[in-house]
Amino acid sequence: MRCSNLYLPTLKETPADAEIVSHRLMLRAGMIRKVAAGIYNLLPYGLAAVRRVENVVREEMNRAGAQEIMMPAVQPAELWEESGRWEHYGRELLRFVDRHNHPFCLGPTHEEVVTALVRGEVRSYRQLPVNLYQIQTKFRDEIRPRFGLMRGREFIMKDGYSFDVDDDAAAESYRRMYEAYGRVFERLGLGFRAVEADTGAIGGSFSHEFMVLADTGEDEIAVCRACDYAANIEKAEVKAEDGPRPTAAEEVREVHTPGMHTVAEVCDFLKIDPTRLVKTIILLADESPVAALVRGDHELNLVKIRNLLGAVEVELADPSTVERVSGAAVGFAGPVGLDGPIHVDAAVALMADFVTGANQDDYHLTGVNLGRDFKAMKVADIRAITALDSCPRCGGEIEITRGIEVGHIFRLGTKYSTAMGANFTAEDGEEKPMVMGCYGIGIGRTVAASIEQNHDENGIIFPLPMAPYQVVVLPVAARDEEVRRAAEELYHGLSAAGLDALLDDRDLRAGVKFKDADLLGVPLRLTVGQKALAQGKVELKKRAEKDFTLVARGEAVAAVAELATAGRTA
Ligand code: ATP
Ligand code: MG
């Protein structure tokens, strides 16, 4: 492709509202343009990167025995009513009615549609297993769309679904997908890790997220330094501490703590360690208030408490609810005398004589004890693991890092097949529900995650497998006839060799072209300049490296081809 023909509106300035580097660079490199919150145009350069990812995904899905289909983005409400999710999916599901007043939604995921497809057609164990996937547009009305393609509302996902005769066969399908996902992210040149993930209401340990390791990741992951345990922090269990609870020695006492809302303020004032304080967090679990208690130095894990309560949605209560429930401003809630259910973290159950809010503005209580002063409805692991905890598997040291979830695989069991009647006749003649799995990859998010991992101050550094163009030919003095001709010749040679080459034939200063080449992150660059050319040479440079090498003009195509194929199959 010639730059003069490519619709490539690059930006010199850093866009103001882009918070993370991949978002900034995708805007600056002319890959994406915003249409509305979380909704983007993909421009030629951006779409080319997306297609690269799709192709690798497609190859690995096909290799693993999955077959590509295409399901609609618009889905009828009836199917979601059958699965029960019309009521439970929440506000990420964008619902609307057609001209006949029939309710529909824009698909955030396709379990319902694919289950309805298969149940009509697959009747016998002889037709199983079936594994179907698509690469398609999803819509989720995310509460906080941000970071460009990383968390959009409309986005491209590869979603796949497997159907098996029993749990063992489903485990085998899951294993194949686990391996295929590893190959996908390996081939795309990403630094990633598969981690155990929360399975929510379905339960079991059969869900893994594929995390691209990056400081800007929205997910925290707990990784053991000793064994191979790695889990999303939402899921990572906290190893319960042993030991009896010390006996209560103090009476409850009210202390004046004017204007002290935070753990740090209260602890400073009372000269106590945060491990002596208990935070009372008022939550709304499916809209009804509950209190959760964790130690002052611990953080509540909303996913764990949601699972504990079997709730669909658990969120922090807004300040007015906190005031209504506790009778005090935020920061002064406490369990003593509090109405409604109180759930207590396991670590709190091992404390005696602790400090809590007093349910009264500007007051705390000391000498509080569980059982004596208030009752817990449930005691359980409801806090987030920390680097001070030990590995729930082996007791080793835990490290907390950040990641971007690019893929998610999940064993669904018979949740959808039972609800929607996707049954088959087993070998023994019995009618059984199919055992399902589902498997997703965020295509645009994978491009963004790669840029988070591969960039420098000048722009993107695409790994070869994801690069829209493997090489850019850059004539330094485009008006010099010799230079122009040599550049054209190289460009044709590269294209003839089957490479995706870009020719920067624009009549611009060399400095501008160098800047753009760096911004776009083309992995290889052939620079054609008058001086070297006079000696029959051109410069070959890798985007990721500082120095270039001089290669003979006649050998440049072969040299580029060698680097490009080595990088692409690696
Ligand atoms: P998250 O926790 O980030 O919201 P999720 O658990 O809702 O993700 P899944 O339902 O498992 O995601 O979807 C499969 C994949 O689709 C994810 O692993 C991710 O790569 C991608 N994905 C999900 N939501 C978005 C989004 N809003 N924008 C871009 N990609 C997304
Ligand atoms: Mg989500």
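Visitor: How far is Met-150's backbone from a nitrogen of ligand 1?
Guide: A backbone N or O atom of Met-150 sits 3.5 Å from a nitrogen atom of ligand 1. That is a polar contact (a pair of N or O atoms within 3.5 Å; within protein, one must be able to donate a hydrogen and the other to accept it, and residues adjacent in sequence count only if both atoms are side-chain atoms).

Visitor: What am I looking at, and how is it numbered?
Guide: This is a predicted model, where local features need pLDDT of at least 70, side-chain atom pairs count only at pLDDT 80 or more, and totals for chains, interfaces and linings use all residues. Residues are numbered from 1 along each chain as its sequence is written, chains are lettered from A and ligands numbered from 1 in the order in which they are written, and side-chain values use heavy atoms, with hydrogens and water left out.

Visitor: Back to ligand 1. What does Gly-152 do there?
Guide: A backbone N or O atom of Gly-152 is 2.8 Å from a nitrogen atom of ligand 1. In the side chain of His-408, an N or O atom lies 2.8 Å from an oxygen atom of ligand 1.

Visitor: Which strand gives the most to the shell?
Guide: β21, with 4 residues. Strands here are DSSP runs (E, at least two residues), and helices are too (H or I, at least four), numbered from the N terminus.

Visitor: New topic. How many salt bridges does the structure hold?
Guide: It holds 42 salt bridges (a side-chain nitrogen of Lys or Arg within 4 Å of a carboxyl oxygen of Asp or Glu). One of them joins Glu-82 and Arg-119, at 2.6 Å from N to O.

Visitor: Where do Glu-82 and Arg-119 lie?
Guide: Glu-82 is in helix α3 (residues 77-83) and Arg-119 in helix α5 (residues 111-121), so the pair ties together parts 37 residues apart in sequence.

Visitor: Is Glu-82 buried, partly exposed or exposed?
Guide: Glu-82 is partly exposed, at 33% relative accessibility. Buried means under 20% relative accessible area, exposed over 50%, partly exposed in between (1.4 Å probe, protein chains only).

Visitor: What about Arg-225 and Glu-397?
Guide: Their side chains meet in a salt bridge, 3.3 Å from N to O. Both Arg-225 and Glu-397 are exposed.
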